[in-house]
Amino acid sequence: MKKLWKSGLLSLLAIGLLVSAAGAAGLVRSGLDIERRANGFFFQARTNRPERKGLLLECRLGWLPEDFEEQKIQSYEYSHSVSYADREGKRTIQFEQLSESSSILVQSQKGDKLERVTVKGKPGGLIHLAESREDLNLIWYDAEAESYFSMLTHGLAEEELFQAAQSVDVRNKFEVDEIPGFGFHDCPCGGTFWQFRRPLLQKTIDKNSPDRQGVAWIYCFQYICDGCNWHIDIFRPAVPVD
């Protein structure tokens, strides 16, 4: 593993983070299973949602250690990764986001140890590599983002690693310019509509894109009538946050 770090900043998919299709359909509860296998540490999300193959949204780190800068971004259907390094290139972070429709196998060597941890209440595991005290691999699962997150770091202290991991905020990727009014009297029964859950971030077709093949993001605001329980949805464009 230490040798692989010297080869440069590579995607986790290229250094032993194996992604395999593992449909979530039929599972009955949310969570994360972690087990030690003969060939490595296996991570499998448990969810009662219909299987989602692609990423719901793409995230980045909101906090970095001093002198760290973004180096490279790679996006695919099932994964999104961002590499960071300090100005001298001696300390590095490889941040990876993977769809929950995958499972993760991190190949390990004798002496590698896994510690069960949480990141802002999200279940995960911290892998200590036997070959190097400078290399750490933190993997956790976020049901809200419908994603695994992974941080493979070189030269970071555990405190810095967790501070960076806790800075991932999946709700700050988009914002909405106009929020529908609350408590409006439009129901035929005479009741009042009220928002009954947090707005849902959804993908839709970008009608202005060539051949209508592009993707646009919207927020779905869901309302319910307090008189007859009639549900209505109101959609607003989701604006990316830089």
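What is the order of the strands in the open sheet of 7 strands? Reading across, the order is β4-β5-β6-β11-β10-β9-β8, and the pairing is antiparallel. Strands here are DSSP runs of E with at least two residues, helices are runs of H or I with at least four, and both are numbered from the N terminus. Two strands count as a pair if DSSP finds at least two bridges between them. The model is a predicted one, so local features need pLDDT of at least 70 and side-chain atom pairs count only at pLDDT 80 or more, while totals for chains, interfaces and linings use all residues. Residues are numbered from 1 along each chain as its sequence is written, and side-chain values use heavy atoms, with hydrogens and water left out.

At the edges of this sheet sit β4 and β8, each of which pairs on one side only. On average, neighbouring strands are turned by 15° against each other, direction ignored; axes are lines fitted to C-alpha atoms (for helices, over the stretch in contact), and angles run from 0 to 180 degrees between N-to-C directions. Further in, β6 and β11 run antiparallel and are joined by 8 bridges. Gln 97, for one, has Phe 149 of β11 as its bridge partner.

Helix α2 packs on the sheet, where it touches β8, β9 (122-128), β10 and β11, and its direction makes about 30° with that of β10. Contact here means heavy atoms within 4.5 Å. Leu 161, Phe 162, Ala 164 and Ala 165 of α2 are buried, meaning under 20% relative accessible area, with exposed being over 50% and partly exposed in between (1.4 Å probe, protein chains only). Seen down the axis of α2, its buried residues fall within an arc of 160°, so they line one face of the helix; the arc is that of the directions from the helix axis to the C-beta atoms. These buried residues pack against β8, β9, β10 and β11.

Next comes the nonpolar core, a set of buried Ala, Val, Leu, Ile, Met, Phe, Trp, Tyr and Cys residues joined through side-chain atoms within 4.5 Å. The largest one has 35 residues, and Leu 61, Leu 138, Trp 140 and Met 151 have the most contacts inside it. Among the elements that each supply at least two residues of this core are β10, β11, α2 (158-165) and β16 (231-237), while β15 gives the most, with 5 residues. Leaving out residues up to four places away in sequence, Leu 138 touches Val 117, Phe 149, Met 151, Leu 161 and Phe 162, among others. A second, separate core of 13 residues includes Ile 34, Val 106, Ile 127 and Leu 129.

Back in the sheet, His 80 lies in strand β5 and counts as buried, at 1% relative accessibility. Its side chain makes a polar contact with the side chain of Ser 75 (2.8 Å). Such a contact is a pair of N or O atoms within 3.5 Å; within protein, one must be able to donate a hydrogen and the other to accept it, and residues adjacent in sequence count only if both atoms are side-chain atoms.

Most residues other than glycine have a negative phi. Asp 67, however, has a positive phi of about 75°; this residue is found in the loop between β3 (40-46) and β4 (68-75) and is partly exposed, with a relative accessible area of 36%. Glu 146 also has a positive phi, near 55°. Glu 146 lies in the loop between β10 (135-142) and β11 (147-154) and is buried, with a relative accessible area of 9%.
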